[in-house]
Amino acid sequence: MANGTRLEHHETSTSSKIFNLIQQRVAAIDFRRAENYSVLSYNPGGHYAPHFDYIPFTNKEEKEKCEMDQKYGNRFLTFLFILQSAKKGGGTVFPLLFSTVQPEKGDALIWLNMDTSYAVESRSLHAACPILEGKKIAVTLWVRRMGQELLLPCHESGNYELDVSEKSLCSILLRRSSYSREIEIQRT
């Protein structure tokens, strides 16, 4: 229950400035390996059912047909940037972490979609909570795995280091400060 569109990273001067700013602010991630922007708009009642951003191919033939997967691998990481937050509702819930994050305009949320064996990270299951009042607009960049493998330390379990406590999850949230002010300037 969201309206969406795709936009290339450098399609407009604004999208290009935002892309370059994101790459500068989160320099450890190679955003050139990201899919085009996915811009979603949620009106009252709008939501997104629980899902994984990792793409679960049902067979080898399906996987081989996916050019993006063949070239860059599956979705390693999700970068969710909030352009407009809802007045009420609209949080991002991680049911297996028993946590909901309520980002504000200008915030960004980053999470991993796969473990070190390139399988789906089950804790990345998430959903967009219903909008109760207002409108939410979010931009997603799904970063593909090729070239990202050595960015995060490995845990003894074979998973990337990902603390699942609520406090830690919130620390993944990049708060506004100068980041949103620069984005706001870019949008005008």
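This is a predicted model: local features need pLDDT of at least 70, side-chain atom pairs count only at pLDDT 80 or more; totals for chains, interfaces and linings use all residues.
**Entry 1: Phe98**

I located Phe98 in the loop that links strand 6 (92-94) to strand 7.

**Entry 2: Tyr118**

I then turned to Tyr118, another non-glycine residue with a positive phi, here about 70°. I found Tyr118 in the loop between strand 8 and strand 9. Is Tyr118 buried, exposed or partly exposed? I read a relative accessibility of 31%, so Tyr118 counts as partly exposed.

I traced an open sheet of four strands, in the order 3-9-6-7, and recorded its pairing as antiparallel. Which strands form its edges? I identified strand 3 (48-51) and strand 7 (99-101), each of which pairs on one side only. From one strand to the next, I noted an average twist of 15°.

I examined the contact of strand 3 with strand 9 (residues 126-128) and found two bridges between these antiparallel strands. For Tyr48, I recorded Ala128 in strand 9 as the bridge partner.

**Entry 3: strand 11**

I next checked the burial of strand 11 (residues 136-144), where nine of its nine residues are buried. I recalled that in a regular strand the side chains alternate between the two faces of the sheet. Sorting strand 11 by side, I listed Lys136, Ala138, Thr140, Trp142 and Arg144 on one face, and Ile137, Val139, Leu141 and Val143 on the other; all are buried, and both faces are covered.

Which strands did I find paired with strand 11? Strand 2 (residues 37-42) joins strand 11 in the antiparallel sense through five bridges, and I saw Leu40 standing opposite Ala138. Strand 4 (residues 75-84) is also antiparallel to strand 11, with eight bridges. In that pairing, I noted Leu141 of strand 11 as the bridge partner of Phe79.

I placed Ala108 in strand 8 (residues 108-112). Because its relative accessibility is 1%, Ala108 counts as buried, the cut-off being under 20%.

Terms used
Residues are numbered from 1 along each chain as its sequence is written. Side-chain values use heavy atoms; hydrogens and water are left out. Two strands pair if DSSP finds at least two bridges between them. Axes are lines fitted to C-alpha atoms, for helices over the stretch in contact, and angles run from 0 to 180 degrees between N-to-C directions. Buried means under 20% relative accessible area, exposed over 50%, partly exposed in between (1.4 Å probe, protein chains only).
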